[in-house]
Amino acid sequence: MTELAAVKTALKTQAVETPSWAYGNSGTRFKVFAQRGVPRTPQEKLADAAQVHAVTGVAPTVALHIPWDKVDDYAALAKYADDHGLKLGAINSNTFQDDDYKLGSICHPDAAVRRKALDHLFECVDIMDATGSKDLKLWFADGTNYPGQDDIRSRQDRLAEGLAEVYARLGEDQRMLLEYKFFEPAFYATDVPDWGTAYAHCLKLGEKAQVVVDTGHHAPGTNIEFIVATLLRERKLGGFDFNSRFYADDDLMVGAADPFQLFRIMYEVIRGGGLTTDVAFMLDQCHNIEAKIPAIIRSVMNVQEATAKALLVDRDALAVAQRDGDVLEANAVLMDAYNTDVRPLLAEVRGELGLDPDPIAAYRRSGWAERIVEERVGGQQAGWGA
């Protein structure tokens with residue numbers, strides 16, 4: 001197989017998971033902005049996701065969020081997804097939108113609140129059993145706002161205890177993906193603030209516990225690709241939540257703020273052998289003012305472009321330059337790949353897959369945007385509050 005053929009093969013087999021919540025109404029902490037045609041049910045979210053997969057060819061799975069996507073029959077929902085050419089992906093828990101969680105969930109000082117949170121996480125595993133989902137994604141808003149508010153070490157003990165209970169409930173082919181966030185909503189001490197904390201807990205739990213890297217959950221200047229390289233080296237990178245941020249966690253379209261960073265991350269993924277089904281490439285974005293479906297399509301395309309550029313890095317030339325200590329040449333090899341216009345290559349790949357070379361144009365021609373505005377009238381639009 002030629003080098004270009006290998007690049008094409010990798011691009012054709014890449015898969016990006018889209019999040020159900022990105023198809024609903026969203027906004028800022030001050031206001032959620034409604035759009036016409038937004039889904040009202042999990043089924044309508046899946047119907048929109050099917051449009052993304054239809055024009056990109058690389059978005060075959062959809063992550064669910066419980067209780068935002070709660071239904072009476074999850075097996076039927078999985079069948080609905082299958083009928084639309086999709087599979088249900090990660091099940092995301094929610095331990096941050098209940099009044100009882102004001103002081104935390106599984107780290108809460110009250111054992112009754114901790115039990116409530118754990119019961120919800122067990123419910124999520126039950127849903128995984130019903131849908132065939134392999135990944136339970138955990139993000140905890142737990143933390144404290146003031147010094148002395150609670151004992152930091154005790155909260156870590158409670159966290160470890162709770163995670164161990166959930167880990168024991170997982171099936172043989174299921175995983176726990178632990179996410180971290182260095183601040184917000186807790187402003188003094190977040191209980192899972194960084195990759196090191198998440199890694200330490202996952203390491204103690206076992207092989208089925210992996211770390212999720214949300215690209216928006218880092219302080220400015222953080223070398224995210226170093227984190228990715230290290231987690232891959234330790235076989236503890238379970239997946240990504242792809243998004244962008246300029247200041248704090250803005251959840252903008254991936255690659256929008258710093259496409260060079262996304263390229264660097266994807267290079268380390270490829271260098272570390274992470275371009276496999278063992279690493280989940282998920283979007284986690286909040287489309288506040290832009291149209292939902294086109295924004296998700298654009299995000300998928302941005303991941304594809306960064307991946308294509310990373311695949312084009314001349315790794316042999318890079319290794320020689322690194323071995324010789326030729327700093328400028330090593331950097332030039334990377335920059336040559338990054339500066340390559342890969343859009344014609346991706347258009348060619350899509351054509352070989354029987355897809356339109358331009359996914360955005362294909363979506364616009366489909367008439368789906370106009371159809372959902374006409375059909376989705378009345379009812380309660382999906383979203384996370386007003």
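Buried means under 20% relative accessible area, exposed over 50% and partly exposed in between, with a 1.4 Å probe and protein chains only. This is a predicted model, in which local features need pLDDT of at least 70, side-chain atom pairs count only at pLDDT 80 or more, and totals for chains, interfaces and linings use all residues. Residues are numbered from 1 along each chain as its sequence is written, and side-chain values use heavy atoms, with hydrogens and water left out.

- Helices (H or I, at least four residues) and strands (E, at least two) are DSSP runs, numbered from the N terminus.
- In strand S5 (residues 87–92), 5 of the 6 residues are buried.
- Two strands pair if DSSP finds at least two bridges between them.
- Strand S4 (residues 61–65) runs parallel to S5 and is joined to S5 by 4 bridges; leucine 64 has isoleucine 91 as its bridge partner in S5.
- Strand S6 (residues 135–138) also runs parallel to S5, with 2 bridges; in S6, leucine 136 is the bridge partner of isoleucine 91.

**Crossovers**

- A crossover is right-handed if, with the strands pointing away from the viewer, the path from the first strand over the helix to the second runs clockwise.
- A right-handed β-α-β unit is made by S4, helix H3 (residues 74–83) and S5.
- From S5 the chain crosses through helix H4 (residues 111–131) to S6, in a right-handed β-α-β crossover.

**Histidine 218**

- Histidine 218 lies in the loop between strand S10 (209–214) and helix H7 (224–233).
- Histidine 218 counts as buried because its relative accessibility is 5%.
- Beyond its neighbours within four places in sequence, histidine 218 is in contact (heavy atoms within 4.5 Å) with residues including Tyr180, Phe182 and Arg245.
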